[in-house]
Amino acid sequence: MTENNDIPRNEILVGDCIEHMNTLPAESIDMIFADPPYNLQLAGELHRPNNTRVAGVEEDWDKFSDFAHYDDFTRRWLAAAQRILKPTGSIWVIGSYHNIFRVGTALQDLGFWVLNDIVWRKSNPMPNFRGKRFTNAHETMIWCSKSQDAKPTFNYRAMKALNDDVQMRSDWLFPICGGAERLKLDGRKAHPTQKPEGLLHRVILASSNPGDVILDPFFGTGTTGAVAKRLGRDWIGIDRETDYVGIAQDRINSVETAPDDVTVLTTPDKRNEPRVPFGSVIEQGLLSAGDKLFDIRKRVTAKVNADGSIAVKDVRGSIHQVGASVQNAPSCNGWTFWHIERRGKVVPIDKLRERIRADMAIRKEKADVLPFHGAAE
């Protein structure tokens, strides 16, 4: 990661988000999370069946004269965001049906590349009091890279680990803010569209790394900054409403700083671990020539050879080649396809590779602490 010391890390900038973004260096931001005005176009007050008034979004910052006014604002702030985003960065924009389709058009027209649309399904949505529409129980997030050719950060394994080792889907279930998490000002909601911290935790963990800089151009009560601090990321917030700025700063000041141990904030990626050939498993005695391997359902059995190859009938080759052949597939990860039986349990041979890597790590750790006894100079 390239350090950029010309940006105001961990600060709230007060004022217009476009003006502030235009002062930041090009390609200086790792991730942007934006919760822009929804342009709700509300007409009249909304009441519950008991005639109590529903507190919706009535603030001036959500009011635009017409769609053309809103579209112009959207394109200008997105263009400013695109300039400061790194090639490895990405942007998340959240909205409701009132605005998200217009935002999506602007994103694509400006050359952003849509990676996913994420549905935030609310477990406790506000009911539809008038009974004239379906209950609006979700919001949509659009996740984009800077361009089609960009290579954005995506911590796939972290998302899989967060979801009990199952691939994370694009529909996320979270409750709307309530209880102690919902910030209040004079007994009322401090912000009408405060987002749950759990939602930001997943977004930030998915598309940034410790030490990265995350910008939120519509900072509100500072959810992005609070979660970023907890996860060891730097942040920049921008908001023009001074009431929100004070609340956000107090909130972030109360958040405990992330631990210095970066290993608790990251998920190891096996692609970065040292390569272990299957032959090493045999050389170190974890398997022997003549041992049998099989798929998870024990429909196919392979014989292990002394040179690290395996064979199924007349097909002989690496664990990957033979695994692909028996499945009639173009490729195969033999480490996860082939299994052995240990103590009555069927386990993938990847467990044997993990043992070798663990031994390698222990030996390296010992080598790092022991003095070097080389030839005399």
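**Notebook: salt bridges and the sheet**

I searched the whole structure for salt bridges and found 16, a salt bridge being a side-chain nitrogen of Lys or Arg within 4 Å of a carboxyl oxygen of Asp or Glu. I keep in mind that this is a predicted model, in which local features need pLDDT of at least 70, side-chain atom pairs count only at pLDDT 80 or more, and totals for chains, interfaces and linings use all residues. Residues are numbered from 1 along each chain as its sequence is written, and side-chain values use heavy atoms, with hydrogens and water left out.

**Entry on charged pairs**

I looked up arginine 76 and found a salt bridge to aspartate 72, with 3.1 Å between the closest N and O atoms. The two residues are four apart in helix H2 (residues 67–84), and are therefore separated by about one helical turn; helices (H or I, at least four residues) and strands (E, at least two) are DSSP runs, numbered from the N terminus. Arginine 76 is partly exposed at 42% relative accessibility, and aspartate 72 is partly exposed at 40%, where buried means under 20% relative accessible area, exposed over 50%, and partly exposed in between (1.4 Å probe, protein chains only).

I then turned to glutamate 197, which forms a salt bridge with arginine 230, the closest N and O atoms lying 2.9 Å apart. This pair links distant parts of the chain, since glutamate 197 belongs to helix H5 (residues 197–207) and arginine 230 to helix H6 (residues 223–230), 33 residues apart. I also noted that Glu197, Arg230 and Arg251 are linked in a network of salt bridges.

**Entry on the sheet**

I traced an open sheet of eight strands in the order E1-E10-E9-E2-E3-E5-E4-E6, with mixed pairing; two strands pair if DSSP finds at least two bridges between them. Strand E1 (11–14) and strand E6 (171–174) stand at the edges with a single partner strand each, so one side of each has no neighbour in the sheet.

Looking at one pairing, I found that strand E4 (residues 113–122) and strand E5 (residues 138–145) are antiparallel over eight bridges, and that the bridge partner of tryptophan 120 in E5 is glutamate 139.

Finally, I saw that H2 lies across strand E2 (29–34), strand E3 (85–95) and strand E9 (213–216), running at about 150° to E3. For such angles, axes are lines fitted to C-alpha atoms, for helices over the stretch in contact, and angles run from 0 to 180 degrees between N-to-C directions, while contact means heavy atoms within 4.5 Å.
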